[in-house]
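This report describes how the parts of one protein chain are arranged and how they meet. The sequence and the structure are shown first.

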Amino acid sequence: MRLAVRVIGIGPGDPRQITLQAIEAMADVDVFVALEKGSAKTGLLDARKEILARHASSSHRLVEIVDPPRDRTPADYDAEVRRWHAARSDLIATTLRDELPDGGVAAFLVWGDPALYDSTLRIVDDLSARPDITVDVEVIPGVTSASALTAAHRVVANRIGEPIHITTGRRLADTPSGADANQMVMLDADLAFRNTADPDDHIWWGAYLGTPDEMLISGRVGDVGEQIAEQRAAARERIGWIMDIYLLRKNR
């Protein structure tokens, strides 16, 4: 079986940040594949449906796949993520065989950019390695949550000549000295900066960027850290899910 797969970045939430290239890539897709993450995240699926209603062909189909379960606190994090990705790949391969004719076009709509802390390209690589499927892959970049964050706060991500370190909350404490001047931190459910940052460091935090629920807080860690934690917890309870990111800058 031969098919085309498009991995399309759609930005962090504002439909106006979808690029012309992404819109063109949606136009002739036969099947869009979405991993359904449970009732708490139906808002994410609804947003995808709105995007498709605007930009996809009238004949497109959206196929929802129930996301396989994942251990959120595994003893071996890397091994658990690899197992989870393999389970996703198996489900997607079965779906594509069932839903697409030979030579058909499938697509994934990826929040932000497909190359920044997203697993879709790894899953597509696994599909490409299967002997019974030949996959022609096209990747469409998207506006990242990092660029949406700095734009919303009207701030440059680094001071003159300084590096920018992109990491996760899980790895924040592992940032080597010299790389921690400006850190863009994603996937931080525990707000690790409260245990690693100096109270005089500066933070720019944002959640639900580009959506009607957008939240922005900035200031000294010592002044706004608990405010971020409280508002984040309240928003997650109210909405049922949260996507957030922050820029952490070392005081000097």
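## Contacts between the domains

Zero salt bridges are counted between domain 1 and domain 2 in this predicted model. The count of residue pairs in polar contact between domain 1 and domain 2 is one, with both residues at pLDDT 80 or more.

The size of an interface is often given as the accessible area lost when the parts come together. Between domain 1 and domain 2, about 1100 Å² is buried, and carbon and sulfur atoms account for 71% of it.

## Division of the chain

Domain 1 spans residues 2-140 of the protein chain, and domain 2 spans residues 145-249. A distance of 27 Å separates the C-alpha centres of domain 1 and domain 2.

## The parallel sheet

Strands β3-β2-β4-β1-β5, in that order, make up an open sheet of five strands with parallel pairing. Its edge strands, β3 (61-66) and β5 (134-140), each pair on one side only. On average, neighbouring strands of this sheet are turned by 25° against each other, direction ignored.

Within the sheet, six bridges link strand β1 (residues 2-9) to strand β4 (residues 105-110) in the parallel sense. R6 has A107 in β4 as its bridge partner. Helix α3 (residues 77-99) packs on the sheet, where it touches β1, β2 (31-36), β3 and β4; the direction of α3 makes about 145° with that of β3. Helix α4 (residues 120-128) also packs on the sheet and touches β1, β4 and β5, with its direction at about 160° to that of β5.

## The mixed sheet

A further open sheet has five strands in the order β6-β7-β10-β8-β9, and its pairing is mixed. At its edges lie β6 (165-168) and β9 (215-220), each of which pairs on one side only. From one strand to the next, the twist averages 15°.

Strands β6 and β7 (residues 182-186) run parallel and are joined by four bridges. For I166, the bridge partner in β7 is M184. Helix α5 (residues 145-153) packs on this sheet, touching β7, β8 (202-207), β9 and β10 (244-249), and its direction makes about 110° with that of β8. Helix α7 (residues 221-239) lies across β8, β9 and β10 and runs at about 160° to β9.

Technical notes. Residues are numbered from 1 along each chain as its sequence is written. This is a predicted model: local features need pLDDT of at least 70, side-chain atom pairs count only at pLDDT 80 or more; totals for chains, interfaces and linings use all residues. Side-chain values use heavy atoms; hydrogens and water are left out. Two strands pair if DSSP finds at least two bridges between them. Helices (H or I, at least four residues) and strands (E, at least two) are DSSP runs, numbered from the N terminus. Axes are lines fitted to C-alpha atoms, for helices over the stretch in contact, and angles run from 0 to 180 degrees between N-to-C directions. Contact means heavy atoms within 4.5 Å. Domain bounds come from an automatic or database domain assignment. Buried area is the accessible area (1.4 Å probe) that two parts lose on being put together, summed over both. A salt bridge is a side-chain nitrogen of Lys or Arg within 4 Å of a carboxyl oxygen of Asp or Glu. A polar contact is a pair of N or O atoms within 3.5 Å; within protein, one must be able to donate a hydrogen and the other to accept it, and residues adjacent in sequence count only if both atoms are side-chain atoms.
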